[in-house]
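Reader: I have a structure open and want to go through a few spots in it. Can we take them one by one?

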Amino acid sequence: MSGFDAVGAAYSAHSGSARGRLRHDLVERRLLAELPGRPARVLDVGCGNGEMTLRLAAAGHQVTGVDPSAAMLAAAADRLSARPDLAGHIELVDAGLERLPFDRERFDAVCCHGVLMYLDDPGLAVARLAGLVAPGGLLSVLAKNRRAIGVREALAGDYPSAHRLIVSETDRSTGNLGRETRGDAPEALDRLAAGHGLVPLPWQGVRIFHDHLDDTWAPEPAAYEAALEVEWEASWRSPYREMGHLVHALASRPERGRP
Ligand SMILES: C[S@@+](CC[C@H](N)C(=O)[O-])C[C@H]1O[C@@H](n2cnc3c(N)ncnc32)[C@H](O)[C@@H]1O
């Protein structure tokens, strides 16, 4: 049983909260802006309960969702069974990042969202993901932002934890599921992608002003939309983006014959 089999329900609850939705909406908006207009072949590594897999399939793309957790994959399959219109657009595969059963440079986009923070070696992970990106394709990594460690705790009023995290300059803090997770600096993610022949695109900070709220935050629809727009505008701009709890780092593989 993978560590995620035990927390699947908790993750689904968080993912479906307004706070969880905020990050999915921000990441989806960027992806849809970067993906080609034609149906793209997308790989969603660590797809969890299939949130982005379903969203990208609903946008017309062909998506392969992979996850090593049987419970997470079952949750994704359950949600897919409620969307028969997407059945021809989605394939779910039981696999971890360490053994992805695909040919090199096979996908127009490779997504890996909310996974790197659970892995000790981001270099190895990015190497494996980058190798699957086709010429002209995209790598999309959503990681915990090392630069913002301690901000959530400080804004939530947990000053002893914030003090400890900030003073120690650690790369680890407690994540949404109560587990210790590891952060990556945006520039470090860009460097890793560039080391595999990809060209970094502008990175965004995700969940800057709403990360310290808990999953009971339930704004009215108009307030949610306003919050989303503020997050979107700030996500590109310094110094705001550096304070995002998550970093959305993207990079593209040049077409063959182009630098
Ligand atoms: C926090 S959830 C994120 C799910 C989804 N990508 C999202 O953004 O909502 C982390 C997921 O990573 C998966 N995971 C953990 N270790 C992994 C690994 N080594 N390779 C691929 N996925 C992994 C877990 O099973 C879990 O479904």
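**Loops, a helix and the ligand**

Author: D211 is found in the loop between strand 9 (204-206) and helix 9 (221-235). Helices (H or I, at least four residues) and strands (E, at least two) are DSSP runs, numbered from the N terminus. This is a predicted model, where local features need pLDDT of at least 70, side-chain atom pairs count only at pLDDT 80 or more, and totals for chains, interfaces and linings use all residues. Residues are numbered from 1 along each chain as its sequence is written, and side-chain values use heavy atoms, with hydrogens and water left out.

Reader: Is D211 buried or exposed?

Author: D211 counts as buried because its relative accessibility is 4%. Buried means under 20% relative accessible area, exposed over 50%, and partly exposed in between (1.4 Å probe, protein chains only).

Reader: And what separates the C-alpha atoms of D211 and W236?

Author: The separation is 17 Å, with the two residues 25 apart along the chain.

Reader: Where is G183?

Author: G183 lies in the loop between strand 7 (180-182) and helix 8 (186-194). It counts as buried because its relative accessibility is 3%. Its C-alpha atom is 23 Å from that of A109, 74 residues away along the chain.

Reader: Which ones?

Author: E51, M52, T53, L54, R55, L56 and A57. Helix 3 is followed by G60, which has a positive phi, near 105°.

Reader: Now the ligand. Which residues are closest?

Author: Y11, R23, G46, D67 and H113 are the closest of the 19 residues that surround the ligand. A residue is near a molecule if one of its heavy atoms lies within 4 Å of it.

Reader: What classes make up the shell?

Author: Nine nonpolar, seven polar and three charged residues.

Reader: What does G46 do there, in terms of distance?

Author: A polar backbone atom of G46 is 2.6 Å from a nitrogen atom of the ligand. The side chain of D67 has an N or O atom 2.6 Å from a ligand oxygen atom. For L97, a backbone N or O atom lies 2.8 Å from a nitrogen atom of the ligand.

Reader: How much of the ligand does the protein bury?

Author: The protein buries 94% of the 600 Å² that the ligand exposes when taken alone. Those areas come from the Shrake-Rupley method with a 1.4 Å probe.

Technical notes
Polar contact = N/O pair within 3.5 Å; in protein donor to acceptor, adjacent residues only side chain to side chain. Nonpolar A, V, L, I, M, F, W, Y, C, P; charged D, E, K, R; others polar.
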